[in-house]
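Hi there,

After it you will find my notes on what turned up; please read them with the structure open beside you.

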Number of protein chains: 2
Amino acid sequence: MAKSKAKLKRKVSKLKKKVKGLKAELKAQPALSPVSPLAPTDGFPELPEIGGVTFAAGAAGVKYKNRTDVMLARVAKGSAVAGVFTRSSTRSAPVLDCQAKLVDLQKTDTVEEAMGVVVNSGNSNAFTGKVGAQSVEFVCKAAADTLGIGAGNVLTSSTGVIGEPLPHDRITAVLGDLSKGLDPAKGADAAAAIMTTDTFPKGVAATVEIDGKQVNIAGFAKGSGMIAPDMATMLVYIFTDAAITSSAFQSLISDHNKTTFNAITVDSDTSTSDTLLAFATGAAGNTQITDAQSTQGQALGAALQSVMRDLAHLVVRDGEGATKFLEVAVTGAADDASAQIVALAIANSPLVKTAVAGEDPNWGRVVMAVGKSGEPADRDKIAIHFGDILVAENGWVSPDYTEQQGVDYMKQQDLRIATDLGIGDGTATVWTCDLTHGYITINADYRS
Amino acid sequence: MAKSKAKLKRKVSKLKKKVKGLKAELKAQPALSPVSPLAPTDGFPELPEIGGVTFAAGAAGVKYKNRTDVMLARVAKGSAVAGVFTRSSTRSAPVLDCQAKLVDLQKTDTVEEAMGVVVNSGNSNAFTGKVGAQSVEFVCKAAADTLGIGAGNVLTSSTGVIGEPLPHDRITAVLGDLSKGLDPAKGADAAAAIMTTDTFPKGVAATVEIDGKQVNIAGFAKGSGMIAPDMATMLVYIFTDAAITSSAFQSLISDHNKTTFNAITVDSDTSTSDTLLAFATGAAGNTQITDAQSTQGQALGAALQSVMRDLAHLVVRDGEGATKFLEVAVTGAADDASAQIVALAIANSPLVKTAVAGEDPNWGRVVMAVGKSGEPADRDKIAIHFGDILVAENGWVSPDYTEQQGVDYMKQQDLRIATDLGIGDGTATVWTCDLTHGYITINADYRS
């Protein structure tokens, strides 16, 4: 009996050791977080209601179970509309349809009829041949009938698996109920319905005074893989009650897209479905803005830019597997275009991104990325800052820099790497996240 | 007593369950293999001795302990020399030194004096300012003195950490002993000394008959991160006993570099140190080749190409964390340059590479990569093969394709994805590996 007890004790001790060892091994391979560690701590913001805009979300079972996957929005007649899209040569059927319709919708200052927006998650309806275009038609027709508008006024987006036929009947089956539930307060529900591998819904609000009137802006977006300029599997919807013509609105949205959604990258891969649609209802009552360059246009543009930039940052903060948010600034380049190429070379470098993941102040990989960009650079004129710390200058490590400074800095969640090339006036800033085991886990399994 | 025993038994059972759970978790996160699973099963090849070439390897302790990290080669007088280098704008001091010296060495048909090659691993002497250039001078002077030749005839390479001063005195301290041990049979030792994160040494041999004489070629290389065209942290040394002028030799090496070392990518990152040096001693006794386009030049070129291609494949097979070898072929592009850009867009796509890692026949990501390349393509004309299986055509999945076919195919270690764009005659083939947890583990920790 005693012997047997001693044996059991030895077994317990042996197993405890085993557990300890296995735990140590597991710790070395961090598990996936259900919600990005970079998600805003204060959750989804209170979005202002936008006069003339209503939302609804429902569960159509396109692919996901037990969650909403379709959103419907209705925008009042007399609104302006603007859009930017992926430049992929293999873009999806919904993108092609939106682009064609926008040409017509923007022929007048504002759209006479109401507009509808239908977005589904779970299936991107991309590379689905002629059947894909037919599915878009079915969805648009059903939404148009339900909303009592023309099919030409319905814009759709789809995000999810590529190459599988869109089960459009599942979407059309829920549109009737959705149109009955349209509500100006349901923006948050709409933002949640369009998520795919996103770990949190992304919304941003802003207000700006124009002509003594308060103008409201509400935007939401989804990420979170295939994020790269031109653009990403990014779907972005922005609504404002500003009064503005479609052409001025388009000018503001296109312009600010460059420094916001086209300045972020998660993995350099460009989606076939990227879509940004923006609507301006005019309910705020300001004098209609007809010139993007006017004082009023610039005021609205600044507010739009802040919404677009904050949404873009949220997309990066939900980058697949992200644990660090990284701002990459380049100054002193030959020109702005050159600065942008260098910044993206740094931000897209797997070696820079894994160094950030490993909290390794490996400025040598930044130098490597500058070198690989193919842009004009002079090794001996490059200066690199990590945050406020001057890390490298004059072709070498800075004499005052200590490795410990870098190690301490890299522990922060939000990082900034600034590279001055010292040869011109070109500047650019882009944002990205780190490349982690989480990215591999998500993408070696998820069928996108 | 009995109660206590029962308690212990419960504890054992509980701990066993814990061990089981932890083991399952660990299994989901595969551990790093000490040697790449793609390494050749028959080990390092028997390299032929090349008349006029001798090697030695030693342990200088540049960074690594308990292994060799310096190789010395001596090439007899009257040899031809050729080289290709990284195009990085931040290339290392040894690369800049080699490029300058080659201009002089190639002024005559062959080099009158003997040449020396010194390569160290553990430190790349890149971004080390003026001190870096001085270190190269010290090493070249010491090697020249030991070999009894001019310093202008010594070519060096360094690979490893960027931005740390090269401890050149450790290298010069071992050169005397190395020069005494120079031996035509020590090519394998040299190949092992130049490894960094490589998991196996890489060598390739070939023979070809020219003018009735047997011409031998022996080459070795190292990888294995920062591998991308133009070129990689790739160091490659090729030796042949062919008789050829330096200008004809350079022409053959430069030409075949395009379809070999410049057609592989591991992670799209370009090294600051890439170097290929090739030497031809003339000991084979063939009539000196003076024209790369001659029958003899083409025969030698074909043999060189096969050595270069096989070495390039070995570098990919040792790509950091690689578990799959992937050939990406593009046909029907607007032209060859366009095909190459599309092929690299596919081969460098993190989403394609993680799909390969996950054995997921995700052809949608191939379509995405074609689209993001920015090159001319027509969605409805693209045809994609996985091996012999027609996966997609006419803008959609092929009617005869079944998911199971793709799943079965992806289980193979060596894969081929062929994309026909159907719009022109341009073709290109590139090689890459998958993107795995192993890559992250290596690069989030290793200070390169």
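In chain B, helix H2 (residues 93–105) packs against helix H3 (residues 129–147) at an angle of about 60 degrees, and their axes are 8 Å apart. The crossing in which H2(B) passes H3(B) is right-handed. On the H2(B) side the contact is made by Ala93(B), Pro94(B), Asp97(B) and Lys101(B), and on the H3(B) side by Gly132(B), Ala133(B), Val136(B) and Cys140(B). By residue type, this contact of H2(B) with H3(B) divides into five nonpolar, one polar and two charged residues. Please keep in mind that this is a predicted model.

Ala93(B) and Pro165(B) are 72 residues apart in sequence, and their C-alpha atoms are 11 Å apart in space.

Now to the helix pairs of chain A. Helix H2 (residues 93–105) of chain A and helix H3 (residues 129–147) of chain A pack at an angle of about 60 degrees, with 8 Å between their axes. H2(A) and H3(A) are therefore oblique to each other, and H2(A) passes H3(A) in a right-handed crossing. Here Ala93(A), Pro94(A), Asp97(A) and Lys101(A) of H2(A) meet Gly132(A), Ala133(A), Val136(A) and Cys140(A) of H3(A). The residues in the contact of H2(A) with H3(A) are five nonpolar, one polar and two charged.

Another pair in chain A is helix H9 (residues 350–357) with helix H10 (residues 363–372), packed at an angle of about 160 degrees with axes 9 Å apart. Are H9(A) and H10(A) roughly parallel or roughly antiparallel to each other? They are roughly antiparallel, because the angle of about 160 degrees lies over the 145 degree cut-off. The crossing of H9(A) and H10(A) is left-handed. Leu351(A), Val352(A), Thr354(A) and Ala355(A) make the contact from H9(A), while Arg365(A), Val366(A), Met368(A) and Ala369(A) make it from H10(A). Six nonpolar residues, one polar and one charged make up the contact of H9(A) with H10(A).

Next, the charged pairs. Side chains of opposite charge can pair when their charged atoms come close. Over all chains, the structure holds 28 salt bridges. Here are a few of them:

- Asp255(A) forms a salt bridge with Lys258(A), and the closest N and O atoms are 3.7 Å apart. The two residues sit three residues apart in helix H6 (residues 246–258) of chain A, so about one helical turn separates them. Asp255(A) is partly exposed at 39% relative accessibility, whereas Lys258(A) is exposed at 54%.
- Lys411(A) and Asp408(A) meet through their side chains in a salt bridge of 3.8 Å, N to O. Asp408(A) counts as partly exposed, at 40% relative accessibility.
- Asp198(B) and Lys202(B) form a salt bridge whose closest N and O atoms are 2.6 Å apart. Asp198(B) is buried at 8% relative accessibility, and Lys202(B) is buried at 0%.

Salt bridges that share partners also join Lys130(A), Arg379(B) and Asp380(B) into one network.

Last, a look at the backbone. Most residues other than glycine have a negative phi. Asn66(B), although not a glycine, has a positive phi of about 55 degrees. Asn66(B) lies in the loop between strand S1 (53–58) and strand S2 (70–75) of chain B, and it is exposed, with a relative accessible area of 82%. Phe127(B) also has a positive phi, near 50 degrees. The place of Phe127(B) is in the loop between strand S4 (115–123) and H3 of chain B. Is Phe127(B) buried or exposed? Phe127(B) is buried, with a relative accessible area of 0%.

Happy to talk any of this through.

Best wishes

Methods: Residues numbered from 1 in each chain as written. Chains lettered and ligands numbered in written order. Predicted model: local features only at pLDDT ≥ 70, side-chain atom pairs only at ≥ 80, totals over all residues. Heavy atoms only, no water. Salt bridge = Lys/Arg side-chain N within 4 Å of Asp/Glu carboxyl O. Helix = DSSP H or I, 4+ residues; strand = E, 2+ residues; numbered from the N terminus. Buried < 20%, exposed > 50% of the residue type's maximum accessible area, 1.4 Å probe, protein only. Axes fitted to C-alpha atoms, helices over the stretch in contact; angles between N-to-C directions. Left-handed = near helix turned anticlockwise from the far one by under 90°. Contact = heavy atoms within 4.5 Å. Nonpolar A, V, L, I, M, F, W, Y, C, P; charged D, E, K, R; others polar. Parallel < 35°, antiparallel > 145°, perpendicular 65-115°, else oblique.
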